[in-house]
Amino acid sequence: MDFLNEYDFHLPEEQIAKFPLENRDESRLLVVDRAQLKYWEAPLFRDITTLVRPGDIFVYNETKVSYRRVFLQVESGRIHESIFLEPQDTQNQTWLCILKNRAKLKLGDRLSPVGFPNYQFVYHGPEEELSFLGSELSISDSDFEIFGNIPIPPYLKRNVTEEDKVRYQTIFANRSGSVAAPTAGLHFTEELKNTFRTLGAEFLPVELQIGYGTFRPLTTEQWQTKTLHREKYLVSESTATKLNDARKEGRRIIAVGTTTLRVLETVFDSQLQKYKVGSSQTDIFLSPGDKIDSVQGLITNFHLPKSSLLLLVSAFATTQLVLDSYRYALKNGFRFYSYGDSMFLF
């Protein structure tokens, strides 16, 4: 797709952050001032406190990464790696999954998580590049914590460690259901959050259950229809009320992460200048040319080339400013992706 060539870049393998830093708030921070069309190093994420204003509202995604990566075994012993994306029924017995080597499976084949034969799944067939697996049991996140693994991003190209179980969750993680972390929140510590509060800032939760679509390449159809994969979101009455009050008072509303921004832009009525209470699904696709009115600031990581997330950030700022800042980050050894360094755009 030629339209994405502008958002392509070469990322040296050594700049992909394979592991988290020892301390969450010691990632590097690139500050991007949209009004002044300039950027500079903070240098550490915790130095963002120098940019916090009394009355700022930081909105975070309180989703928790579920243990949905499961190694399934057929009777012959062959292993099929899977990611359980979402249930297809109210009983949580039929699941839409990413299932590797599914061409070797026949309808009705039975698979069990390695080491846990009491759980059994039946292959119900494909759904485009995804697959359906069924179970006689109702499968909940507590079950996945028994036989599953935390699904770290595929581009890390390594196995899960014990450290990932802690570090691939944000301090805000509260509501299970995602298969990827809202990575902008990974930079926060409890101490840093408390510092924000002493500076007069406030934190408010929303929820977006992140699907595996966040890692999938953009398609021509998505570009043409201006829609992405659907993800469930929740904005409580309390959060909406406080956001609307802050808006009336002229306080800055800052999204901690692109997933939070997707939620806020979905529920913000630009005509009424109000945030709506809601629990639904969003497939909103934000790209350059779209006007983003719901927030005045965005904290985010450095994203994959030609990705929907890079386009969203470019919509919030400008393509030129974002690509210039990415070139600076590449030249100066910033770490990219989920465990990487951070940006604050305002």
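## Exercises: pockets and cavities

The lining of the largest pocket splits into 13 nonpolar, 13 polar and 11 charged residues. Here Ala, Val, Leu, Ile, Met, Phe, Trp, Tyr, Cys and Pro count as nonpolar, Asp, Glu, Lys and Arg as charged, and the others, Gly among them, as polar. The model is predicted: local features need pLDDT of at least 70, side-chain atom pairs count only at pLDDT 80 or more, and totals for chains, interfaces and linings use all residues. Residues are numbered from 1 along each chain as its sequence is written, and side-chain values use heavy atoms, with hydrogens and water left out.

**Terms.** On a 1 Å grid over the protein atoms alone, a cavity is a set of points where a 1.4 Å probe fits but cannot get out. A pocket is an open set with protein on both sides within 12 Å along at least five of seven lines. Lining residues have an atom within 4 Å of a point. Grid points are joined across faces, edges and corners, and a volume is the space filled by probe spheres set on the points. Helices (H or I, at least four residues) and strands (E, at least two) are DSSP runs, numbered from the N terminus.

**Exercise 1.** Describe the largest pocket and its lining.

*Step 1.* Take the volume: about 980 Å³.
*Step 2.* Find the centre. The lining has 37 residues, and E86, L96, R216, H229 and R230 lie nearest the centre.
*Step 3.* Assign elements. Strand 6 (79-87), strand 7 (94-99), helix 4 (220-225) and strand 13 (227-235) each give at least two lining residues. Strand 13 gives the most, six residues.

**Exercise 2.** Describe the second largest pocket.

*Step 1.* The volume is about 220 Å³.
*Step 2.* Of its 14 lining residues, R69, E81, K100, P154 and Y212 are closest to the centre.
*Step 3.* Strand 6 gives the largest share, three residues.
*Step 4.* Sort by class: eight nonpolar, one polar and five charged.

**Exercise 3.** How many cavities of 30 Å³ or more does the whole structure hold? Describe the largest cavity.

*Step 1.* The search finds four.
*Step 2.* The largest cavity holds about 270 Å³.
*Step 3.* It has 22 lining residues, with A181, T183, T214, H303 and L309 closest to its centre.
*Step 4.* Helix 6 (258-267) and strand 18 (297-301) are the elements that give two or more residues to this lining.
*Step 5.* By class, the lining has 12 nonpolar, 10 polar and no charged residues.

**Exercise 4.** Sort the lining of the second largest cavity by class.

*Step 1.* This cavity holds about 100 Å³.
*Step 2.* Its lining includes P20, N23, R24, R167, H187 and R335.
*Step 3.* The classes are four nonpolar, five polar and three charged.
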